[in-house]
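Hi,

Have it open while you read.

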Amino acid sequence: MSRVAKTVAVALAGSLLGHDEAAAFPAGCGETTCYLRLNRYPACPFAANTFGLVPHTDSDFLTVLSQDQVGGLQLMTDAGWVAVKPRPDALIVNIGDLFQAWSNNLYKSVEHKVVANAAAERFSAAYFLCPSYDSLVGTCGEPSPYRDFTFGEYRRKVQEDVKRTGRKIGLPNFLKHRPPPQSRPA
């Protein structure tokens, strides 16, 4: 999974930088900073109203996912939530928040969720391409809409936001010029 993730990341970065410059991308990612998560989603009789995993974006550079044939992964598109049909011969690659920031929003971190299945349990394996916590995320070129930040700073801010608001805010916290908060009518 490590080789697959690195190969995909270098190919995507190469489309922005040129393949020679992209060979070292992403900086700070190694076998000790990335991780593999095995997921089990039990069958749920209340599946219509139950998330296996709430809507979110991944905080890494990219995620490589292998899912079983039960299904349940959905991606947000302009048209709404779309189910990802399982294929035994395919892996799914999700762009993460760090790749979106690094690419200056040319690549977008995909919002996704997992919905429960009433009759069958679901399994998946996800490999997260992450840099070390002290790695600067950087950019593929200036000007960047984001200020400089490390992966550790990003993770801490995400955790603070979830504790404070109940949800992940993510990249908007790191914009160089944040829009003013929306005022509420009285």
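Let's start with Asp161: its relative accessibility is 0%, so it counts as buried, the cut-off being under 20%. Keep in mind that this is a predicted model.

What does Asp161 form a salt bridge with? The partner is Lys157, and the closest N and O atoms are 3.4 Å apart. Both belong to helix H4, and because they sit 4 residues apart there, about one helical turn separates them. The general rule behind this is that an α-helix has 3.6 residues a turn, so residues three or four places apart point the same way. Lys157 is partly exposed, with 25% relative accessibility, whereas Asp161 is buried. Arg164 comes into it too: Lys157, Asp161 and Arg164 are linked in a network of salt bridges.

**Other salt bridges**

As background, side chains of opposite charge can pair when their charged atoms come close. How many salt bridges does a search of the whole structure find? It finds 7. Among them is the one where the side chains of Arg40 and Glu121 meet, at 2.8 Å from N to O. This pair links distant parts of the chain, as Arg40 is in strand S1 (residues 35-41) and Glu121 is in the loop between S7 and S8, 81 residues apart. Glu121 counts as partly exposed at 33% relative accessibility.

Another of the salt bridges joins the side chains of Lys168 and Asp97, 2.6 Å from N to O. Lys168 is in the segment after H4 and Asp97 is in helix H3, so this pair ties together parts that are 71 residues apart in sequence.

Which residues of H1 are buried? They are Ala5, Ala9, Val10, Leu12, Ala13 and Gly14. Just after H1 comes Gly18, which takes a positive phi of about 100°.

**Strands and sheets**

Four strands make up an open sheet: 4 strands in the order S2-S7-S4-S5, with antiparallel pairing. Strand S2 (51-56) and S5 are the edge strands; each has a single partner strand, so one side of each is left without a neighbour in the sheet. On average, neighbouring strands of this sheet are turned by 30° against each other, direction ignored. S2 and S7 run antiparallel and are joined by 3 bridges, and Phe51 has Val115 in S7 as its bridge partner.

Then look at strand S3 (residues 62-67), which is mostly covered, with 5 of its 6 residues buried. S3 runs antiparallel to S6, with 4 bridges between them; here Val64 has Val93 in S6 as its bridge partner. S3 also runs antiparallel to S8, with 6 bridges, and Gln67 stands opposite Ser124 in S8.

Asn104 isn't a glycine, but its phi is positive, near 55°. Asn105 isn't a glycine either, and it has a positive phi of about 75°. Asn104 is in the loop between helix H3 (97-102) and strand S7 (112-115), and Asn105 is in the loop between H3 and S7 as well. Asn104 is buried, with a relative accessible area of 18%, while Asn105 is partly exposed at 22%; the cut-off for buried is under 20%.

Where is the cis peptide bond that joins a glutamate to a proline? It joins Glu142 and Pro143, with omega at about 0°. Pro143 is in the loop between strand S8 (122-129) and helix H4 (151-165).

**And on the surface**

Finally, Met1, Val4, Leu36, Leu38 and Leu91 form a nonpolar patch on the surface, with about 460 Å² of accessible area together. Leu91 is in the loop between strand S5 (80-83) and strand S6 (92-95), and at 42% relative accessibility it counts as partly exposed.

Cheers

Notes:
Residues numbered from 1 in each chain as written. Predicted model: local features only at pLDDT ≥ 70, side-chain atom pairs only at ≥ 80, totals over all residues. Heavy atoms only, no water. Patch = residues over 30% accessible without salt bridge, like charges linked within 9 Å, V, L, I, M, F, W, Y side chains within 5 Å. Areas by Shrake-Rupley, 256 points an atom, 1.4 Å probe, with all protein chains shown as cover. Salt bridge = Lys/Arg side-chain N within 4 Å of Asp/Glu carboxyl O. Helix = DSSP H or I, 4+ residues; strand = E, 2+ residues; numbered from the N terminus. Buried < 20%, exposed > 50% of the residue type's maximum accessible area, 1.4 Å probe, protein only. Pairing = 2+ DSSP bridges. Axes fitted to C-alpha atoms, helices over the stretch in contact; angles between N-to-C directions.
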